[in-house]
Amino acid sequence: QVQLVEFGGGLVQAGGSLTLSCAASGSIFGSNAMAWYRQAPGKQRELVARITSGGSTNYTDSAKGRFTISRDNAKNTVYLQMNSLKPEDTAVYYCNADIRITVWGRTREFWGQGTQVTVSS
């Protein structure tokens with residue numbers, strides 16, 4: 001059974017910083033792309049940042065220059081460093097990962113349970 005467990009959400013003032021982490025555990029044979037999504041109340045879930053197994057990254061426009069996604073392949077862990085936070089960053093943040101679940105390379109997509117990030121003005 002594979003699980004993605006997120007840590008690091010919380011309440012922060014505007015202009016502050018938070019770091020989210022997400023660790024994959026279980027019967028894992030590695031991971032391909034890993035990503036962070038977020039969903040604000042009344043809005044659709046949106047991609048915030050994504051990183052491939054080779055380290056290539058892409059960000060939504062609102063995150064560029066403020067957020068940094070990184071990963072530790074040995075630990076199957078992905079991080080999201082968030083700086084200069086704004087009230088509009090308030091949302092539930094979800095980890096997403098494409099996990100290799102067999103030694104032959106079969107993959108499956110998994111989601112974390114979500115962690116709340118609240119930015120006060």
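Author: A nonpolar core is a set of buried Ala, Val, Leu, Ile, Met, Phe, Trp, Tyr and Cys residues joined through side-chain atoms within 4.5 Å. Buried means under 20% relative accessible area, exposed over 50%, and partly exposed in between (1.4 Å probe, protein chains only). The model is predicted: local features need pLDDT of at least 70, side-chain atom pairs count only at pLDDT 80 or more, and totals for chains, interfaces and linings use all residues. Residues are numbered from 1 along each chain as its sequence is written, and side-chain values use heavy atoms, with hydrogens and water left out.

Reader: Which residues have the most contacts inside the largest nonpolar core?

Author: The largest nonpolar core has 29 residues, and those with the most contacts inside it include Trp36, Phe67 and Tyr93. Its largest share, five residues, comes from strand 9; strands (E, at least two residues) are DSSP runs numbered from the N terminus.

Reader: Why does Phe110 count as buried?

Author: Phe110 has 11% relative accessibility, and therefore counts as buried. Phe110 lies in strand 10 (residues 107–111).

Reader: What makes strand 1 and strand 7 edges of their sheet?

Author: The open sheet has four strands in the order 1-3-8-7, with antiparallel pairing. Strand 1 (3–7) and strand 7 (67–72) each have a single partner strand, so one side of each lacks a neighbour in the sheet.

Reader: How do you know that strand 1 pairs with strand 3?

Author: Two strands pair if DSSP finds at least two bridges between them. Five bridges join strand 1 to strand 3 (residues 18–25), so the two are paired.
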